[in-house]
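The following exercises ask the reader to work through one structure step by step. Each task is followed by its solution.

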Amino acid sequence: MSSLKSVLYFQAGLGVLANMFLLFLYTFIIVGHRPKPVDLTYCQLSFAHLIMVLTGGDMWLTDIFESLNIENDFKCKTIFYISRVMRGLSICITCLLSVFQAVTISPSNSLMAKFKNKLKKYTINAFFFIWLFNLTFSGRLIFYVGGFTNVSEKNQMKVTKSCSLFPKNYIIKELIVIVTVFRDVFLIGVMLTTSAYMVIILFRHQRQCKHLHSISHLRVSPEKRATQNILLLVVFFVIIYWVDFIISSTSFLVWIYDPFTLTIQKFVMNAYPTITPLIQISYDKRIIRMLKILQAKCH
């Protein structure tokens, strides 16, 4: 168990550092340079993932709250609410990235092409709606989470060392599950649809290029690299989401969480926000160039 917690702390530390680096880089690009429309999306995704890792379980913000002697019930509600909001932002922004890139690479004669010129305006409106929706949607959860007490333990489901979920009315519980699953399935469906569309476009482009050049002389365009990046993010997200969903749903239905399951779920939950910045760094040439400049200056 101690070795699992060590892995969890290493994963969290890596996730915090990688997302802080990306957040700083994209903020620098947006403020001081000519940003691409997608940079604002990546910046918000990095912010959401940074907060997700910081609120993941009993590690970072929990220790800060304890040092400030903040009431346990308030601490639990705050961390749980922020964590749920950031999780919702993560799935919404990943979906937005997929739609954004599908529009960007769509051919000029397609239906999506007419949205290209207004993409920046639509993206800003989408951000406003996404934040408002997730802040409102996750608000209901604070009524069903609180500080863990030894009184009537059977009626509580311990979700962290000091926090637990309280039983809900059967109808309310079912309604919350249905709405949450519907939201997530809808967004994942949009991701998979736009991903399939992008794969078809890339495949057609590859076939056209083969008629014009030999394969050995083909160079990967920035648009293709960006598309491959987002496709990889979507596939990885869908896999991680369903693993987390199976663990959470099973525990929720049987109304029991054991420490081992909690640790595994934290590892799964932090996998996407930790791996995502590493994928972005490996695909974005601007980041690679900046790292090489920094390395040269250090030497």
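**Exercise 1. The largest cavity**

Solution. The model is predicted, so local features need pLDDT of at least 70 and side-chain atom pairs count only at pLDDT 80 or more, while totals for chains, interfaces and linings use all residues. Residues are numbered from 1 along each chain as its sequence is written, and side-chain values use heavy atoms, with hydrogens and water left out.

Step 1. A cavity is a set of points, on a 1 Å grid over the protein atoms alone, where a 1.4 Å probe fits but cannot get out; lining residues have an atom within 4 Å of a point. Grid points are joined across faces, edges and corners, and a volume is the space filled by probe spheres set on the points. Helices (H or I, at least four residues) and strands (E, at least two) are DSSP runs, numbered from the N terminus.

Step 2. Apply the rule. The count comes to 1 cavity of 30 Å³ or more, and about 160 Å³ of space lies in the largest cavity.

Step 3. Read off the lining. The residues lining the largest cavity are M52, R87, S90, I91, F237, I240, Y241, D244, V268, M269, Y272 and P273.

Step 4. Sort the lining by class. Ala, Val, Leu, Ile, Met, Phe, Trp, Tyr, Cys and Pro count as nonpolar, Asp, Glu, Lys and Arg as charged, and the others, Gly among them, as polar. On that basis, the lining has 9 nonpolar, 1 polar and 2 charged residues.

**Exercise 2. The chain as a whole**

Determine the pattern of helices and strands along the sequence, and the share of buried residues.

Solution. Step 1. The chain has 9 helices and 3 strands. In sequence order they follow the pattern α-α-α-α-α-β-β-β-α-α-α-α.

Step 1. A residue is buried under 20% relative accessible area, exposed over 50% and partly exposed in between (1.4 Å probe, protein chains only). Of the 299 residues in the chain, 43% are buried.

Step 2. Contact means heavy atoms within 4.5 Å. Among contacts with a separation of 6 or more, 75% join residues 24 or more positions apart.

**Exercise 3. Aromatic rings**

How many aromatic pairs does the structure hold?

Solution. Step 1. Rings of Phe, Tyr and Trp (its six-membered ring) pair if their centres lie within 6.5 Å; planes under 30 degrees apart count as stacked, over 60 as edge-to-face and the rest as tilted. The structure holds 11 aromatic pairs.

Step 1. One of them joins F47 and W131 in a tilted arrangement, 6.3 Å centre to centre with 35° between the planes. F47 lies in helix α2 (residues 37-54) and W131 in helix α5 (residues 119-137), so this pair ties together parts that are 84 residues apart in sequence. F47 counts as partly exposed because its relative accessibility is 31%, and W131 counts as partly exposed at 24%.

Step 2. Y241 and W242 form an edge-to-face pair, 5.1 Å centre to centre with 80° between the planes. Y241 is buried at 6% relative accessibility, whereas W242 is partly exposed at 32%.

Step 3. Ring pairs also link F236, F237, Y241, W242, F245 and Y272 into a cluster.

Notes: On a 1 Å grid over the protein atoms alone, a cavity is a set of points where a 1.4 Å probe fits but cannot get out, and a pocket is an open set with protein on both sides within 12 Å along at least five of seven lines; lining residues have an atom within 4 Å of a point.
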